[in-house]
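This report covers helix packing and a few local backbone features of one protein model.

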Amino acid sequence: QVNTAYSLLPYLLPSDSNLLIRMQFITAYHTARSLFKLKDISGYEFVKPLINDGILEKIPNIVTIRNVLAHYGLRETKNYLAGNDDVLDDVIRGLSGMSKMDLATIAVEQLNKISIWTRERYSKTQLKKVRALFGSHT
(Lines give C-alpha, C1' and ligand atoms only; values in the text may rest on other atoms or scores of the structure.)
Protein backbone atom coordinates (compact mmCIF):
# COMPACT_ATOMS: atom_id res chain seq x y z
CA GLN A 1 0.00 0.00 0.00
CA VAL A 2 2.81 2.43 0.87
CA ASN A 3 4.66 1.80 -2.37
CA THR A 4 1.45 2.03 -4.41
CA ALA A 5 0.60 5.41 -2.88
CA TYR A 6 4.19 6.61 -3.14
CA SER A 7 5.33 5.24 -6.49
CA LEU A 8 2.37 4.27 -8.66
CA LEU A 9 -0.41 6.78 -8.00
CA PRO A 10 1.73 9.84 -8.91
CA TYR A 11 2.06 8.37 -12.42
CA LEU A 12 -1.69 7.88 -12.73
CA LEU A 13 -2.97 11.12 -11.23
CA PRO A 14 -2.00 14.80 -11.59
CA SER A 15 0.19 16.12 -8.77
CA ASP A 16 -2.53 18.51 -7.59
CA SER A 17 -5.26 15.85 -7.67
CA ASN A 18 -7.34 15.79 -4.49
CA LEU A 19 -7.62 12.02 -4.87
CA LEU A 20 -3.83 11.63 -4.98
CA ILE A 21 -3.37 13.89 -1.96
CA ARG A 22 -6.09 12.07 -0.03
CA MET A 23 -4.69 8.60 -0.82
CA GLN A 24 -1.11 9.56 0.02
CA PHE A 25 -2.07 11.35 3.23
CA ILE A 26 -4.35 8.56 4.47
CA THR A 27 -1.76 5.88 3.68
CA ALA A 28 1.02 7.84 5.38
CA TYR A 29 -1.18 8.63 8.39
CA HIS A 30 -2.34 5.05 9.00
CA THR A 31 1.11 3.58 8.43
CA ALA A 32 2.69 6.05 10.84
CA ARG A 33 -0.05 5.46 13.44
CA SER A 34 0.49 1.69 13.22
CA LEU A 35 4.24 2.09 13.63
CA PHE A 36 3.71 4.56 16.49
CA LYS A 37 1.80 1.88 18.41
CA LEU A 38 4.80 -0.45 18.11
CA LYS A 39 7.53 2.02 19.05
CA ASP A 40 7.72 1.19 22.76
CA ILE A 41 7.51 -2.59 22.42
CA SER A 42 10.77 -4.46 22.90
CA GLY A 43 12.18 -5.57 19.58
CA TYR A 44 10.43 -2.83 17.63
CA GLU A 45 12.85 0.00 18.30
CA PHE A 46 13.49 0.15 14.55
CA VAL A 47 10.22 2.05 14.02
CA LYS A 48 11.31 5.17 15.89
CA PRO A 49 13.45 6.61 13.04
CA LEU A 50 10.58 5.91 10.64
CA ILE A 51 8.14 8.11 12.55
CA ASN A 52 10.38 10.67 14.28
CA ASP A 53 9.86 14.13 12.81
CA GLY A 54 7.17 12.69 10.58
CA ILE A 55 3.57 13.27 9.67
CA LEU A 56 2.22 12.73 13.19
CA GLU A 57 4.44 15.49 14.58
CA LYS A 58 4.42 17.98 11.71
CA ILE A 59 0.70 18.37 11.00
CA PRO A 60 -1.45 20.14 13.57
CA ASN A 61 -4.98 18.84 14.13
CA ILE A 62 -4.08 15.71 12.18
CA VAL A 63 -6.97 13.53 13.35
CA THR A 64 -9.56 16.04 12.19
CA ILE A 65 -7.75 16.46 8.87
CA ARG A 66 -7.67 12.69 8.51
CA ASN A 67 -11.42 12.57 9.11
CA VAL A 68 -12.03 15.26 6.49
CA LEU A 69 -9.84 13.50 3.91
CA ALA A 70 -11.07 9.98 4.67
CA HIS A 71 -14.75 10.64 5.29
CA TYR A 72 -15.34 14.14 3.97
CA GLY A 73 -15.98 15.17 7.59
CA LEU A 74 -18.08 18.08 6.48
CA ARG A 75 -19.26 19.20 9.91
CA GLU A 76 -15.94 20.88 10.60
CA THR A 77 -15.36 22.19 7.11
CA LYS A 78 -18.03 24.88 6.84
CA ASN A 79 -16.21 27.01 9.42
CA TYR A 80 -13.09 27.25 7.26
CA LEU A 81 -14.42 28.08 3.83
CA ALA A 82 -12.73 31.25 2.60
CA GLY A 83 -14.48 31.50 -0.75
CA ASN A 84 -11.47 30.40 -2.79
CA ASP A 85 -11.62 28.05 -5.76
CA ASP A 86 -10.00 25.21 -3.82
CA VAL A 87 -12.34 24.28 -0.98
CA LEU A 88 -10.09 21.48 0.27
CA ASP A 89 -7.17 23.89 0.54
CA ASP A 90 -9.35 26.32 2.53
CA VAL A 91 -10.35 23.59 4.96
CA ILE A 92 -6.81 22.26 5.44
CA ARG A 93 -5.50 25.80 5.98
CA GLY A 94 -8.24 26.46 8.51
CA LEU A 95 -7.55 23.28 10.44
CA SER A 96 -3.76 23.18 10.31
CA GLY A 97 -2.44 26.55 9.13
CA MET A 98 -0.72 24.89 6.18
CA SER A 99 -1.66 24.59 2.54
CA LYS A 100 -2.98 21.44 0.89
CA MET A 101 0.30 21.15 -1.04
CA ASP A 102 2.39 21.53 2.16
CA LEU A 103 0.35 18.74 3.73
CA ALA A 104 0.88 16.63 0.59
CA THR A 105 4.64 17.21 0.76
CA ILE A 106 4.79 16.01 4.37
CA ALA A 107 2.74 12.92 3.50
CA VAL A 108 5.04 12.08 0.57
CA GLU A 109 8.14 12.54 2.77
CA GLN A 110 6.65 10.07 5.27
CA LEU A 111 5.83 7.59 2.52
CA ASN A 112 9.33 7.95 1.09
CA LYS A 113 10.98 7.17 4.42
CA ILE A 114 8.87 4.06 4.95
CA SER A 115 9.16 2.96 1.32
CA ILE A 116 12.95 3.09 1.37
CA TRP A 117 13.05 1.15 4.62
CA THR A 118 10.74 -1.60 3.38
CA ARG A 119 12.44 -1.95 -0.01
CA GLU A 120 15.82 -2.40 1.68
CA ARG A 121 14.54 -5.17 3.92
CA TYR A 122 11.74 -6.87 2.04
CA SER A 123 12.80 -6.95 -1.58
CA LYS A 124 12.61 -10.24 -3.43
CA THR A 125 16.41 -10.44 -3.25
CA GLN A 126 16.40 -10.03 0.54
CA LEU A 127 13.54 -12.47 1.04
CA LYS A 128 15.23 -15.05 -1.17
CA LYS A 129 17.84 -15.56 1.55
CA VAL A 130 15.22 -16.90 3.92
CA ARG A 131 12.85 -18.35 1.32
CA ALA A 132 10.16 -16.31 3.01
CA LEU A 133 6.61 -17.22 2.02
CA PHE A 134 7.30 -17.38 -1.68
CA GLY A 135 8.89 -20.77 -2.22
CA SER A 136 12.29 -21.44 -3.66
CA HIS A 137 12.53 -18.42 -6.04
CA THR A 138 13.60 -20.64 -8.91
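Are α2 and α5 oblique or roughly parallel to each other? Angles under 35 degrees count as roughly parallel, over 145 as roughly antiparallel, 65 to 115 as roughly perpendicular and the rest as oblique. α2 and α5 are therefore oblique to each other.

The model is predicted, with local features needing pLDDT of at least 70 and side-chain atom pairs pLDDT 80 or more, while totals for chains, interfaces and linings use all residues. Residues are numbered from 1 along each chain as its sequence is written, and side-chain values use heavy atoms, with hydrogens and water left out.

**Overall make-up**

The protein has 9 helices and 0 strands; helices (H or I, at least four residues) and strands (E, at least two) are DSSP runs, numbered from the N terminus. Of the 138 residues in the protein, 38% are buried. Buried means under 20% relative accessible area, exposed over 50% and partly exposed in between, with a 1.4 Å probe and protein chains only. Among contacts between residues at least 6 apart in sequence, 57% join residues at least 24 apart, where contact means heavy atoms within 4.5 Å.

The table gives the geometry of both pairs. Axes are lines fitted to C-alpha atoms, for helices over the stretch in contact, and angles run from 0 to 180 degrees between N-to-C directions.

| Pair | Angle | Axes |
|---|---|---|
| α2 (residues 18–38) and α5 (residues 62–71) | about 135 degrees | 10 Å apart |
| α5 and α7 (residues 87–96) | roughly 165 degrees | within 10 Å |

α2 and α5 cross in a left-handed sense. A crossing is left-handed if the near helix is turned anticlockwise from the far one by less than a right angle, and right-handed if clockwise. On the α2 side the contact involves R22, F25, I26, Y29 and H30, which meet I62, V63, I65, R66, L69 and A70 in α5. By class, this contact of α2 with α5 has 8 nonpolar, 1 polar and 2 charged residues. Ala, Val, Leu, Ile, Met, Phe, Trp, Tyr, Cys and Pro count as nonpolar, Asp, Glu, Lys and Arg as charged, and the others, Gly among them, as polar.

α5 and α7, by their angle, are therefore roughly antiparallel to each other. The crossing of α5 and α7 is right-handed. T64, I65, V68 and L69 of α5 make the contact with L88, V91, I92, L95 and S96 of α7. By class, the contact of α5 with α7 has 7 nonpolar, 2 polar and no charged residues.

Within α5, the residues I62, T64, I65, R66, V68 and L69 are buried. An α-helix has 3.6 residues a turn, so residues three or four places apart point the same way.

**α7 and its ends**

How many of the residues of α7 are buried? The count is 7 of 10, and α7 is thus mostly covered. The buried residues of α7 are L88, D89, D90, V91, I92, L95 and S96.

At the start of α7, a side-chain oxygen of D86 comes to within 3.3 Å of the backbone nitrogen of L88. After α7 comes G97, with a positive phi near 80 degrees.

D89 lies in α7 and counts as buried because its relative accessibility is 13%. Apart from neighbours within four places in sequence, D89 is in contact with S99 and K100. The C-alpha atoms of D89 and K100 are 4.9 Å apart, although the two are 11 residues apart in sequence. A polar atom of the D89 side chain lies 2.7 Å from the backbone nitrogen of K100.

**Other local features**

D53 has phi near 55 degrees and is found in the loop between α3 (48–51) and α4 (55–58). N61, in the loop between α4 and α5, has phi near 60 degrees. At 38% relative accessibility, N61 counts as partly exposed. Y72 follows α5 and has a positive phi near 50 degrees.

S115 lies in helix α8 (residues 100–122) and counts as buried, at 0% relative accessibility. Leaving aside neighbours within four places in sequence, S115 is in contact with V2, N3 and Y6.

Methods: A polar contact is a pair of N or O atoms within 3.5 Å; within protein, one must be able to donate a hydrogen and the other to accept it, and residues adjacent in sequence count only if both atoms are side-chain atoms.
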